[in-house]
Amino acid sequence: MLTPHNRRHKWSLTDFEKRVLMRLAKGKRLRLEESGHGKLGAMTVPGSVIDKFTQMELAVLDAGYVKLTPLGTKKVERIRFEQGPDANTAFAAQHQDRVKETREIEGRKQAVTVNRAESPLWWLRARKDRKGVPLISDLQFAAGERLRQDWEMAQLGPRVCMSWSETPPERGRRGAPLQPDLPPGALRAKDRVAAAMDHCGAGLSDVLIRVCCAEQSIADAEAALDWPRRSAKLILSFGLERLVDFYGLRAGRL
């Protein structure tokens with residue numbers, strides 16, 4: 001099972017896992033064994049790797065085989081680009097926008113270097129529509145960042161992102177204590193995330209978690225949610241407006 005240790009929620013893949021995905025993209029068949037492991041030709045794929053793929057929604061189980069999802073296919077395309085001749089050259093560097101920011105991590109403010117090109121919220125904030133209006137406002141951006149900070153502080157992991165509806169049982173019926181091993185600050189942050197998602201509603205929560213917290217691209221979120229192209233931007237905007245109200249940002253508490 002995946003664990004919530006990766007606080008940027010950019011769940012990295014090992015070289016072995018990348019090779020497995022790329023073989024699946026070439027039409028190779030990954031067959032599930034009774035042991036829980038998989039067979040990909042002569043290669044044995046641990047069950048933990050298969051579990052990771054399904055939790056990240058890169059693959060699904062189908063009639064005893066592991067098959068790529070549309071999101072998995074897009075991931076393979078990215079892997080191929082990253083492994084290309086320009087991966088570590090100035091060409092790749094020009095697609096980065098690295099800045100130093102102060103972020104709150106486990107209740108403490110720390111200086112970090114951020115590649116803004118990786119953040120879908122930064123991407124949306126920097127782009128404008130045909131009328132010259134930014135795709136998201138400064139308040140919407142601040143609200144999305146506040147949610148991401150709470151998510152990271154709460155140490156929530158990929159499984160929660162991929163199925164937010166599974167979190168209430170973990171909390172009991174909105175009253176049972178959460179993971180007693182977490183520090184108080186993380187528990188409070190987790191309660192804020194749950195309250196924010198309740199405020200936004202089920203129809204908006206999925207895209208907010210995926211884009212703001214997991215930092216999925218708009219296209220990846222649409223593929224994972226099986227939404228029409230170009231629909232996620234509008235729905236995300238509605239969700240961010242709800243977050244602005246939830247965090248009280250219109251009252252100036254940025």
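Predicted model: local features only at pLDDT ≥ 70, side-chain atom pairs only at ≥ 80, totals over all residues.
Me: Where does E57 lie, and what is its phi?
Reply: E57 sits in the loop between α2 (47-55) and β4, and this residue, again not a glycine, has a positive phi of about 60°.

Me: How should I read the pairing of strands, and which strands does β5 pair with?
Reply: Two strands pair if DSSP finds at least two bridges between them. Strand β1 (residues 30-32) pairs with strand β5 (residues 65-68) in the antiparallel sense over two bridges, with L30 standing opposite V66. Strand β4 (residues 59-62) also runs antiparallel to β5, and four bridges join them; here D62 stands opposite Y65. In the hairpin of β4 and β5, two residues lie between the strands, and A63 takes a positive phi near 55°.

Me: How many salt bridges does a search of the whole structure find, and what is the criterion for one?
Reply: The criterion is a side-chain nitrogen of Lys or Arg within 4 Å of a carboxyl oxygen of Asp or Glu, and the search finds eleven salt bridges. Among them is the one between K52 and E17, at 3.0 Å from N to O. K52 lies in helix α2 and E17 in helix α1 (residues 15-25), so this pair ties together parts that are 35 residues apart in sequence. Both K52 and E17 are buried.

Me: Which salt bridge does R250 make, and how accessible are its two residues?
Reply: The side chain of R250 meets that of D245 at 2.8 Å, N to O. R250 counts as partly exposed because its relative accessibility is 47%, and D245 is likewise partly exposed, at 43%. Elsewhere, E145, R148 and E152 are linked in a network of salt bridges.

Me: Which residues form the patch of positive charge on the surface?
Reply: The patch gathers K74, R127, R130, R229, R230 and K233. One of these residues, R130, lies in the loop between α5 (120-126) and α6 (138-153), and R130 counts as exposed because its relative accessibility is 88%.

Terms used:
Residues numbered from 1 in each chain as written. Heavy atoms only, no water. Patch = residues over 30% accessible without salt bridge, like charges linked within 9 Å, V, L, I, M, F, W, Y side chains within 5 Å. Areas by Shrake-Rupley, 256 points an atom, 1.4 Å probe, with all protein chains shown as cover. Lys, Arg positive; Asp, Glu negative; His and termini not counted. Charge placed at Lys NZ, Arg CZ, Asp CG, Glu CD. Buried < 20%, exposed > 50% of the residue type's maximum accessible area, 1.4 Å probe, protein only.
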